[in-house]
Amino acid sequence: MSDVIKDLTAGTVGGAAQLIVGHPFDTIKVKLQSQPAPLPGQLPKYSGAMDAVKQTIAAEGPGGLYKGMGVPLATVAAFNAVLFSVRGQMESLLRSEPGIPLTVNQQVICGAGAGVAVSFLACPTELIKCRLQAQSALAVAGPSSGAVKYGGPMDVAKHVLRCEGGIRGLYKGLFPTLAREVPGNAAMFGVYEALKQYFAGGTDTSSLGRGSLIAAGGLAGASFWASVYPTDVVKSVIQVDDYRNPKFSGSIDAFRKILASEGVKGLYRGFGPAMGRSVPANAACFLAYEVTRSSLG
């Protein structure tokens, strides 16, 4: 079996593990990010992460925490396959000799390259997911707001293709997606390699136990969000913005308006759920990837 096929297979398994563990956290993150800013004297729809969880379960049942998972589940194979296979191919290009471990800096480069590739798959997937996840939060604006109600992932895709500029509409938010995925994956894979080498006491990390891989993967995932979170907030508000009556003219405008109306705190809405998700979800992803990749030889 070629290395590309092994990376594709292991990446698929890792991505499935990541999604199952992390999606409820992601749903709460998007709800907090996309809820409208309250008018003076009014309270926000959600006072915090736990309040968002309680309201979601009360209104939609436990299944509401998994809303929008259909699209990521359908594309998680492609997303993680691309991420890990592109990273693997870049490792081969940068490796001086077969089997020689890469340095942490080289892994940073591999992560950045993989981030470029996955951005073009992540953008339309996340747009559909965010629209579904944010529906209840945006509904607080009332029926007069003109917000579109979606029946499911395909309904979102059809509406965007028909009413929001076709394929171009599905790539709304591509710039902040790139601004998240490239530095985020650079940080994540760099931290992952650095921690593995630290736990192993050297560059040979092949004998690391599962506990070390879980710790390295979880902390690496946390480094992703810690390094790029404000760009994810901008991406989310851009992707759920009303097409006919947009609040934001672009990513820079969204950044400025959030900063002006809510301060720095506004750029970190949903940060708690994101960090709460990143550790267990990425620990599961990297462990599943490493175990599957090792079993394939």
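Predicted model: local features only at pLDDT ≥ 70, side-chain atom pairs only at ≥ 80, totals over all residues.
Visitor: How do helix 1 and helix 10 cross?
Guide: Helix 1 covers residues 3-34 and helix 10 covers residues 271-295. Their axes come within 8 Å and cross at roughly 165 degrees. Helices here are DSSP runs (H or I, at least four residues; strands are E, at least two), numbered from the N terminus. Axes are lines fitted to C-alpha atoms, for helices over the stretch in contact, and angles run from 0 to 180 degrees between N-to-C directions.

Visitor: Parallel or antiparallel?
Guide: Helix 1 and helix 10 are roughly antiparallel to each other. The label goes to angles over 145 degrees; under 35 is roughly parallel, 65 to 115 roughly perpendicular, and the rest oblique.

Visitor: Left-handed or right-handed?
Guide: Helix 1 passes helix 10 in a right-handed crossing. That term applies if the near helix is turned clockwise from the far one by less than a right angle; anticlockwise is left-handed.

Visitor: Which classes of residue make up the contact of helix 1 with helix 10?
Guide: The contact has 15 nonpolar, nine polar and seven charged residues. Ala, Val, Leu, Ile, Met, Phe, Trp, Tyr, Cys and Pro count as nonpolar; Asp, Glu, Lys and Arg as charged; the others, Gly among them, as polar.

Visitor: What joins D7 and R293?
Guide: A polar contact of 2.9 Å joins their side chains. Such a contact is a pair of N or O atoms within 3.5 Å; within protein, one must be able to donate a hydrogen and the other to accept it, and residues adjacent in sequence count only if both atoms are side-chain atoms. D7 lies in helix 1.

Visitor: Is D7 buried or exposed?
Guide: D7 is buried, with a relative accessible area of 4%. Buried means under 20%, exposed over 50%, and partly exposed in between (1.4 Å probe, protein chains only).

Visitor: Where is T292?
Guide: T292 lies in helix 10. It counts as buried at 14% relative accessibility. Its C-alpha atom is 7.4 Å from that of V13, 279 residues apart along the chain.

Visitor: New topic. How many aromatic pairs are there?
Guide: A search of the whole structure finds 11. Rings of Phe, Tyr and Trp (its six-membered ring) pair if their centres lie within 6.5 Å; planes under 30 degrees apart are stacked, over 60 edge-to-face, and the rest tilted.

Visitor: How are the rings of F189 and F286 placed?
Guide: Their centres are 5.9 Å apart and their planes at 80 degrees, so the pair is edge-to-face. F189 lies in helix 7 (residues 174-200) and F286 in helix 10, so the pair ties together parts that are 97 residues apart in sequence. F189 and F286 are buried.

Visitor: Which residues form one aromatic cluster?
Guide: F84, F189, Y192, F286 and Y289.

Visitor: And Q35, where is that?
Guide: Q35 sits in the loop between helix 1 and helix 2 (49-60). Q35 is buried, at 8% relative accessibility. A polar atom of its side chain lies 3.3 Å from the backbone nitrogen of K45.

Definitions and conventions. Residues numbered from 1 in each chain as written. Heavy atoms only, no water.
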